[in-house]
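Subject: Structure for your files

Hello,

Here is the structure I said I would send. My notes on what was found in it follow below.

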Amino acid sequence: MRSDAEIVRVVLRGDRDAFAVLVGRHERAVWATAWAVLRDHHAAADAAQDAFLLAFRRLDRLSRPDRFGAWLLRIARRESVRIARRRARDPCRSIGGGDADAVGIAGPSSRLSAGSEEILAALAGLPEHERVVVSMRYLDLLPVAEIAAALDRPVGTVTKQLSRAIARLKSKAKGVMG
Amino acid sequence: MKASNGLEDQMARLRSEWPVGSLVSGVMGRIGAVAAATSPAPAEEDRRRGRGRWFAGLAASGLAAGLLLAWIMLAGRPTTLLAAVRDGLQKSRSAYLVFTSSVSGSDGHRVEMWYRRDEGLRVEAPDRVIVEDGTHQWSWAIGAAAAPNAGDRVVLRQRSPGFWTTQLPGMLALPDVPGAWRKARAPELDRELPDGTRARGFEVTLPGAGERGLVLAEAGDEGRIREIRVQARDGGGAWRDARAIRIDYDVPVPPERIALRLPAGSRVVDRDAAFEGRYPLERALSRVERGGLLFAVHDIQPLRDREGVYVVSSVRGTPEYLKRYPPRRRPINPEVVMLDVAYQPMGNMMEGTKYDRIVLGTANRGGVDYSWWVIVPRRFYEVKEGRRVYLPEGDVSAMPGEPGRLDPSPGRVNVPLRATCWSERLRDEREGQREVSIWVEMAVPADRPPTTLDEVARRARGDLLLMGVGGVGRLLGVAAGTKAEGGALRPISSFDPESIEDAEFLAAVRRGLDDLRRCDQVGSIGPEDGLPWLGGGRGGDEPKP
């Protein structure tokens, strides 16, 4: 498995298609970050797309390609806050589910249970580097070794980060996990 | 690393409820669209950029361009997985394809396709048949999806959306796999196919969350692809087949297999004529150009008691705009492809300071976006002793450019037109999608006396029954039982015009209006809401002498 840093370098050399791997790898963490700010599925998807696009445009300014994931989540949060401010100026605007349905986009589900919303909110409260590993491990079900390879970190580091993140999640989402 | 069962269970539930699909194709599509303007890697990109513009321009100019585009794409050596499949098919005289998808807890979904070069194809899904001859496409429902009365069976006909450029990529649904996939050899997958061909295996990382592709191709550097299995990890982390594509080339496909045989007693509806014939641009009541977009108002009618104005409007790009910002083609399914130019509001919203917009329906085809909607004046009120007390209405707006009344003089109305551009190269100062809006004053036609919301909602549904066939148009409203998710408004749902009755639709529209009305409540500012005195102390305290 190629690491984020390798893929960033490949993209910068001109292979634009390689960026798709980064999108696939981090899309859930980015969406979760946006959702925590916007609390709206479709607005979060828009914000996540905007964040990826911005990251692609600014990829040549990324000084530490091995930190791509955390950098991307910071962009996602900024984009989401910007969209939230814009929506605040138009508080009664409803984007609901109509636009997606109108063009026939079938999402797997249109509602999140209260428990899932709570765990998402807890996830968004983690530091960015922990959010990346938790998303890859528990939302994309990647083995720890693959996460380590993707993030260019020792397996032990990823394991420690996961341990800390789990402890934090447990304390943040007590209501969900009993 | 093992999390507690509670966390794992909760994460598994979150995964199963994940409410949005993969962002990969959307992001990569947008990147492709903006690459001509911005790119982090100039050398290689300059070459691609030129080719991308070429393709985009060709795609925008219709079917002929689509075929030319296919030829150009096939003239070069195929690089991506999708291009390799397309190449194999194009070089064969005939082909038989089977698409299967695995859905847990069911028998899955199976689609078959028969293809004869230069003649056409036939696709059979459990619920639908599609026949295409290269210039036109026909489709009709079968099985449980067909109308119970065979005499009512409708066959939809439309200009071909382009088999090579749109339909096949939509059916294959393969993500952008980088061109070097043939280097990812997986000899353990090598096997002999039922027809005796020895196939070589490849394992490809798919840019979707946790997916991989297992590819079988005939021997040789450019051996034709015979099978693709897309796998995703299950809850335990093991790989499971999600879907598969199997292709047999140059197999006998008799001409009658792909010949058009309409179901007995069926009625043919021409999608293109139905859509374009209802509200043609040349018969619009008003046309106005703004920001490269051409707005048209096709119908207006005041509501009784100055309750609002019903509007049918459309927006499209001017020829110069389309040339400068070629629209992206976005396949929705094998029959529908969106041409992204601009869209009008798709949900209820405040319109400026004095009005609300209630969207009744929307339809989009060929880069033209139609909207059925009602503009209503806001009615501000206070709640006193549990009852609404309405404030006096004024004829002045505090917002620059916004008219104080919808009916400035007898027989005339003010209408706000608004659209958002799809093009990634058109951004506002905050890098958001650029929005274009304008108020227009126009005369009400003599045959449009004041009417009721019920009547215009019925008319909107009637229009969409005609124009929205095949899923290109939807009615909008607040479904019964929908709850607000933190905000004042409940989410908007979309309805197939054929699957909702007039009364049910009207109720959905009224729920949306009621929600907006709740936003009209104003509260009096009391002493407890005042700012603290500048001299310090608690808010509400009397100033010290």
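In which helix of chain A does A:Glu118 lie? A:Glu118 belongs to helix H6, which covers residues 114-124 of chain A. Please keep in mind throughout that this is a predicted model. A:Lys172 is 54 residues away from A:Glu118 along the chain, and the C-alpha atoms of the two are separated by 8.8 Å.

Chain A as a whole

Chain A contains ten helices and zero strands, so its pattern along the sequence reads α-α-α-α-α-α-α-α-α-α. It has 178 residues, of which 61% count as buried. Its accessible surface is about 6,900 Å², and carbon and sulfur atoms make up 47% of that. If you take the contacts in chain A with a separation of 6 or more, 66% of them are between residues 24 or more positions apart.

Helix H1 of chain A runs over residues 4-12, and its buried residues are A:Asp4, A:Ala5, A:Ile7, A:Val8, A:Val10 and A:Val11. An α-helix has 3.6 residues a turn, so residues three or four places apart point the same way. Just after H1 of chain A comes A:Gly14, with a positive phi of about 120°.

The nonpolar core

The largest nonpolar core has 70 residues. The members that touch the most others are A:Phe19, A:Trp31, A:Phe68, A:Leu120, A:Val134 and B:Met11. Helix H2 of chain A (residues 19-38) supplies the largest share of this core, twelve residues. In soluble globular proteins, nonpolar side chains tend to be buried together.

Aromatic residues

Over all chains, the structure holds eleven aromatic pairs. One of them is B:Tyr321 with B:Tyr325: the ring centres are 5.1 Å apart and the planes are at 55°, so this pair is tilted. B:Tyr321 counts as buried, at 5% relative accessibility, and B:Tyr325 is buried as well, with a relative accessible area of 13%. In chain A, one aromatic cluster is formed by A:Phe19, A:Phe56, A:Phe68 and A:Trp71.

Two arginines of chain B sit over rings. B:Arg257 lies over the face of B:Trp114, at 4.0 Å from the ring centre. The charged end of B:Arg278 is placed over the ring of B:Tyr279, 4.5 Å from its centre.

A buried aspartate in chain B

B:Asp515 is part of helix H11 of chain B, residues 502-518. Is this residue buried or exposed, at 1% relative accessibility? B:Asp515 counts as buried, because the value is under 20%. A polar atom of the B:Asp515 side chain lies 2.8 Å from the backbone nitrogen of B:Arg490. The side chain of B:Asp515 is also joined to that of B:Arg518 by a polar contact of 2.4 Å.

Regards

Definitions and conventions
Residues are numbered from 1 along each chain as its sequence is written. Chains are lettered from A and ligands numbered from 1 in the order in which they are written. This is a predicted model: local features need pLDDT of at least 70, side-chain atom pairs count only at pLDDT 80 or more; totals for chains, interfaces and linings use all residues. Side-chain values use heavy atoms; hydrogens and water are left out. Buried means under 20% relative accessible area, exposed over 50%, partly exposed in between (1.4 Å probe, protein chains only). Helices (H or I, at least four residues) and strands (E, at least two) are DSSP runs, numbered from the N terminus. A polar contact is a pair of N or O atoms within 3.5 Å; within protein, one must be able to donate a hydrogen and the other to accept it, and residues adjacent in sequence count only if both atoms are side-chain atoms. Rings of Phe, Tyr and Trp (its six-membered ring) pair if their centres lie within 6.5 Å; planes under 30 degrees apart count as stacked, over 60 as edge-to-face and the rest as tilted. A charge sits over a ring if NZ of Lys or CZ of Arg is within 6 Å of the ring centre and within 35 degrees of the ring normal. Contact means heavy atoms within 4.5 Å. Accessible areas come from the Shrake-Rupley method with a 1.4 Å probe; for residues, only the protein chains shown count as cover. A nonpolar core is a set of buried Ala, Val, Leu, Ile, Met, Phe, Trp, Tyr and Cys residues joined through side-chain atoms within 4.5 Å.
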